[in-house]
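Colleague: Shall we walk through this one together, a question at a time?
Modeller: Happy to; have a look first.

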Amino acid sequence: MLQNGGPTWEVQLGRRDSRTANRAGTTALPSPFENLEQITKKFNDVGLDSTDLVALSGAHTFGRARCLTFVHRLYNFSGTGNPDPTIDTTYLETLRQICPNGGNGDTLADLDQSTRDEFDHNYFTNLQNKRGLLQTDQELFSTSGDTVAIVNRFANSQSDFFDSFGQSMINMGNIRPLTGSDGEIRSDCKRVN
């Protein structure tokens, strides 16, 4: 993050890591096709709150998404035959040029078109301007609920976003830690002890 202008945080030491991958455990991860209610439930189920949800979503301040993850918003949102009404019309046209109807679903679009390779709080101003790429992103601001106030707070203060992001990364790292003799504490994170 720091290389892209983002925050730093103190990573807690002594966490036990699994010795194997857990593909089944990935079903609890949020999907770009879910709505805010579904994602909020997934966060709450592991002890994370709305601030964690919005702060961690802010990681979308850089990176790319494949057209197949958001093209439904451009042409046939919720089976209406119309685009998602929460997309800015100018942004909609830009996205339609990148992802034409029936086009290559693997084509990439920037998650944050304003500062594509910087970790900053522009992601949140994009949401305020109806320029969130993924449905899950835009719903943080376009749906009534406590996430709107958090988006506004982070849009107005990059330092508040950075502080919250660091704390939320720590909170996420504390989800269901292994205990006892399960897993291992690695002395070199790049390899198994």
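Modeller: One definition before we start: UniProt positions are given in the numbering used here, and the annotations may be inferred rather than shown by experiment. Please also keep in mind that this is a predicted model. With that said, an unreviewed UniProt entry lists His 60 under "binding site".

Colleague: Good place to begin. Is His 60 buried, exposed or partly exposed?

Modeller: His 60 sits in the loop between α2 (50–57) and β1 (64–66). Buried would need under 20% relative accessible area and exposed over 50%. His 60 has 24% relative accessibility, so it counts as partly exposed.

Colleague: Leaving aside neighbours within four places in sequence, which residues is His 60 in contact with?

Modeller: The cut-off for a contact is heavy atoms within 4.5 Å. With sequence neighbours within four places left aside, the partners of His 60 are Leu 111, Asp 112, Tyr 123, Leu 134 and Asp 137.

Colleague: The "binding site" annotation also covers Thr 61, Asp 112, Thr 115 and Asp 120. What is the largest C-alpha distance among them?

Modeller: That annotation comes from the unreviewed UniProt entry and does cover Thr 61, Asp 112, Thr 115 and Asp 120. They are spread over 60 residues of sequence but cluster in space, and their largest C-alpha distance is 9.8 Å.

Colleague: Let's take one of those. What is the relative accessible area of Asp 112?

Modeller: Asp 112 belongs to the loop between β2 (108–110) and α5 (122–128). Not counting residues up to four places away in sequence, Asp 112 touches His 60, Thr 61, Asp 120, Asn 122, Tyr 123 and Asn 126. Asp 112 is buried, and its relative accessible area is 0%.

Colleague: And Thr 115: does it count as buried or exposed?

Modeller: Thr 115 is in the loop between β2 and α5. Beyond residues up to four places away in sequence, Thr 115 touches Thr 61, Asp 120 and Asn 122. Since buried means under 20%, the 15% relative accessibility of Thr 115 makes it buried.

Colleague: How long is the polar contact that joins the side chains of Asn 122 and Thr 115?

Modeller: Asn 122 is part of helix α5. Not counting residues up to four places away in sequence, Asn 122 touches Asp 112, Ser 114 and Thr 115. The polar contact between the side chains of Asn 122 and Thr 115 is 3.3 Å.

Colleague: Now α2. How many of the 8 residues of α2 are buried?

Modeller: Ser 50, Asp 52, Leu 53, Val 54, Ala 55, Leu 56 and Ser 57 are the buried ones. They pack against α1 (36–45), α5, α6 (135–142), α7 (146–156) and α8. α2 is therefore largely enclosed by the rest of the structure, and its buried count is 7 of the 8.

Colleague: Which residue caps the N-terminal end of α2?

Modeller: Look for a side-chain oxygen facing the backbone nitrogen of Thr 51, at 3.1 Å. The residue that supplies this oxygen is Asp 49.

Colleague: What separates the C-alpha atoms of Thr 40 and Ser 50?

Modeller: Thr 40 is found in helix α1, where a polar atom of its side chain lies 2.8 Å from the backbone oxygen of Leu 36. Thr 40 and Ser 50 are 10 residues apart along the chain, and their C-alpha atoms are separated by 7.1 Å.

Colleague: Last one: within what arc do the buried residues of α4 fall?

Modeller: In α4 (residues 89–98), Tyr 91, Leu 92 and Leu 95 are buried. They line one face of the helix, because seen down its axis they fall within an arc of 105°.

Note on methods:
Residues numbered from 1 in each chain as written. Predicted model: local features only at pLDDT ≥ 70, side-chain atom pairs only at ≥ 80, totals over all residues. Heavy atoms only, no water. Buried < 20%, exposed > 50% of the residue type's maximum accessible area, 1.4 Å probe, protein only. Helix = DSSP H or I, 4+ residues; strand = E, 2+ residues; numbered from the N terminus. Arc of directions from axis to C-beta. Polar contact = N/O pair within 3.5 Å; in protein donor to acceptor, adjacent residues only side chain to side chain.
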